[in-house]
Amino acid sequence: MLPLSESKLIDTFQERPQSLAWFLGAGASRNAGLPTATDIIWDLKRKFYQKAENQEIAPQDMQTEAVRSKVQNFMDARGFPPLWADEEYSIYFEKIFGDDRERQRRYIIKQLSDEQVSLSLGNRVMGALIAGGYSRVTFTTNFDAVVEMAVAQLSGQAIAAYHLEGPASARRALDNEEYPFYCKLHGDFRYDSLKNLTEDLATQNAELAACLVNAGNRFGFVVAGYSGRDLSVMNLFHDVLKSPNPFPHGLFWTGIGKNPLPAVTALLDAAKARNVLAEYVVVDSFDTLMSRLWRGISNKPKNLDEKVRRSASAEVHIPLAPSGSTGPILRMNTLLVRQLPTECHSISAKRVLEWTDLRRIRNEAEQTVLLTKADTICAWGQEQDIRDSFGRDLLRLDKRSVPPDFSTPQHFPFKAFMEEAIAIGLARGKPLLVRTKPSAAYLIIDAHSEDVSQFAPLTKAVQTVSGVLPGLLSPTSEDHPVPSKVSWSECLRISLDRRGDQTWLNVSPDVWIWPQHARELAQTFLDRRKGGRFNKLHNAILDAWLRILLGDGDRNSDVIIKTFEGQPGAGNPSFVLTRRTAFSRRILG
């Protein structure tokens, strides 16, 4: 059962989606890979600390509690605002950039670069709602181009955002019902005008403010991904309540936690006093909310629906080639996964835990606890390790099933979850390091290991398995002010893929570069190192890696991979793999 308020929102949306306008905050862009205000605050603290103490801290290190505590203690000792204070954002911007608005704009451009955007399911649904005419009016406090990219990807058409550079035209467009209408209240980072600091946000542009109040008299509003910390925006919502016909189709404020900010509660209470249907809607995430709304729309355009889902099933008939007409056998770099884990732990927390919280917990656990966030927080690891990692935040620890198909949008978080688990299982007991990225996991030869005998098959194929690039130092930047030596190690990239009703483990030999931001600088070395790996040599390298990971057993047998020592179960996932890679034949035409 859906919560009552979410059910009411879905019913209202299904009856007439065009009656609801949208108000989007940073949370609606976070799943697209962009930082929130909290992420930016920690990055600004890191920059200030580096400059003041002449020490380098990598951005990823700020995910660990020990590093955050050290930086925060440094800030506290110098009289900065306490952690989570409302003025943190503005104070740190002012300390880093002073009055230099151009430097501030360049920083925001870097943080919100289109290259970092990877549209999530929720973003694609938002683009489809606008492109399909289901959503007529959208406001946002965001500077980024996520909505514009989503509309372009879903429809092939561009949508122009009204912002601080042309507020008068925005008001005319809304008055003339020129839909779809999209307005950035705080500006667009690609232009000169931005409202970013406290003094900026104390007031809103009068024309854009009038647009929101005008829309609030025609439409209901759905607020998504926005906490309500911006006083000027909250004042605008209260201005709507002072107008003759406030939110005629309701005010639905969505949030992940059960306890909204007092300012949000006060707004909803004031709305109810004006006989407005006003609800605080608890949602699992922006993606799940948008997915439910999209599923509820009947007769959706097929082209939009396919792009939202990113895939569509189709029946195909590929006849087998007759005997004698096939070409040579081709070896594939995939192993059939006969069995996936079926259960894991499910965590209930005393407060809302964001992805940044989970990444911090996972990093501090040092691969003894694996985490993902789907409809619940899911974990693998010993129960005591999980309890120690979550500490006072842990409310309850249960068991839950793991979906067998991780390729669907709602189950996609389980893909990286399982990739990390199988990588740790394959590396267990071997001098290998495990590193993860959103698209794959990597098994990397530990160059500092004293026992390199296990790498003999690979050494035979490639002679050396790790080293330092002489005379090469990593590039410096604001994020990496101190250069370091560049080293390399042979590695194996592994990823899971779903085809039909079968799961495959892709294994691709590669070369890892330390530090990672020096990889482009090492491109000449990489081209030379990997340039001749064709046919016979690639086959030998792949064989070597499989012997290192799976041993010398019968190729027709299966192997069980457990992530941790001990019996498999909800805390210890296990996988059953074939030892033999897949093969195919090239049909001669």
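Helix axes here are lines fitted to C-alpha atoms over the stretch in contact, with angles running from 0 to 180 degrees between N-to-C directions. The model is predicted: local features need pLDDT of at least 70, side-chain atom pairs count only at pLDDT 80 or more, and totals for chains, interfaces and linings use all residues. Residues are numbered from 1 along each chain as its sequence is written, and side-chain values use heavy atoms, with hydrogens and water left out. Helices (H or I, at least four residues) and strands (E, at least two) are DSSP runs, numbered from the N terminus.

**Helix α3 and its neighbours**

- Two packed helices are described by the angle between their axes and the distance between the axes.
- Helices α3 and α4 pack at about 70°, and their axes lie 10 Å apart.
- The pair α3 and α4 is therefore roughly perpendicular (angles of 65 to 115 degrees; under 35 is roughly parallel, over 145 roughly antiparallel, and the rest oblique).
- On the α3 side, the contact (heavy atoms within 4.5 Å) uses Trp42, Lys45, Phe48, Tyr49, Ala52 and Glu53.
- On the α4 side, Arg68, Lys70, Val71, Gln72, Phe74 and Met75 take part.
- The contact of α3 with α4 has 7 nonpolar, 1 polar and 4 charged residues. Here Ala, Val, Leu, Ile, Met, Phe, Trp, Tyr, Cys and Pro count as nonpolar, Asp, Glu, Lys and Arg as charged, and the others, Gly among them, as polar.
- The axes of α3 and α5 (residues 88–97) come within 10 Å and cross at roughly 35°.
- The α3 and α5 crossing is left-handed (the near helix is turned anticlockwise from the far one by less than a right angle; clockwise would be right-handed).
- From α3, Ala37, Ile40, Ile41, Leu44, Lys45, Lys47 and Phe48 meet α5 residues Glu88, Tyr89, Tyr92, Phe93, Lys95, Ile96 and Phe97.
- By class, the α3 contact with α5 comprises 10 nonpolar, no polar and 4 charged residues.

**Helices α7 and α14**

- Helix α7 (residues 121–131) and helix α14 (residues 286–295) have axes that come within 7 Å and cross at roughly 40°.
- That angle makes α7 oblique to α14.
- The crossing of α7 with α14 is left-handed.
- In α7, Leu121, Gly122, Asn123, Val125, Met126, Ala128 and Leu129 make the contact; in α14, the partners are Phe286, Asp287, Met290, Ser291 and Trp294.
- These contact residues of α7 and α14 divide into 8 nonpolar, 3 polar and 1 charged.

**The parallel sheet**

- An open sheet of 6 strands runs in the order β3-β2-β1-β4-β5-β6, with parallel pairing (two strands pair if DSSP finds at least two bridges between them).
- Strands β3 (181–184) and β6 (278–282) are the edges, each pairing on one side only.
- The twist from one strand to the next averages 15°.
- Strands β1 (residues 20–24) and β4 (residues 220–224) run parallel and are joined by 5 bridges.
- Trp22 has Val222 of β4 as its bridge partner.
- Helix α13 (residues 262–273) packs on this sheet, touching β5 (251–255) and β6, and its direction makes about 160° with that of β5.

**The antiparallel sheet**

- A second open sheet has 4 strands in the order β9-β10-β8-β11, paired antiparallel.
- Its edge strands are β9 (370–373) and β11 (394–401), each with pairing on one side only.
- Neighbouring strands are turned by 30° against each other on average, direction ignored.
- Strands β8 (residues 343–349) and β10 (residues 377–380) pair over 3 bridges, and His345 has Ala379 of β10 as its bridge partner.
- Helix α17 (residues 383–390) lies across β8, β9, β10 and β11, at about 140° to β11.
- Helix α18 (residues 413–427) lies across β8, β9, β10 and β11, at about 170° to β9.

**Salt bridges and backbone**

- The count of salt bridges is 26 (a side-chain nitrogen of Lys or Arg within 4 Å of a carboxyl oxygen of Asp or Glu).
- Arg46 bridges to Asp43, with the closest N and O atoms 2.8 Å apart. Both lie in α3 (residues 37–53), 3 residues apart, about one turn of the helix.
- Most residues other than glycine have a negative phi, and most peptide bonds are trans.
- Asn54 is not a glycine, yet has a positive phi of about 55°. Asn54 sits in the loop between α3 and α4 (65–77).
- Tyr179 and Pro180 are joined by a cis peptide bond, with omega about -5°. Pro180 is in the loop between α9 (167–175) and β3.
- Trp514 and Pro515 are joined by a cis peptide bond, with omega about -15°. Pro515 is in the loop between β16 (502–514) and α20 (523–530).
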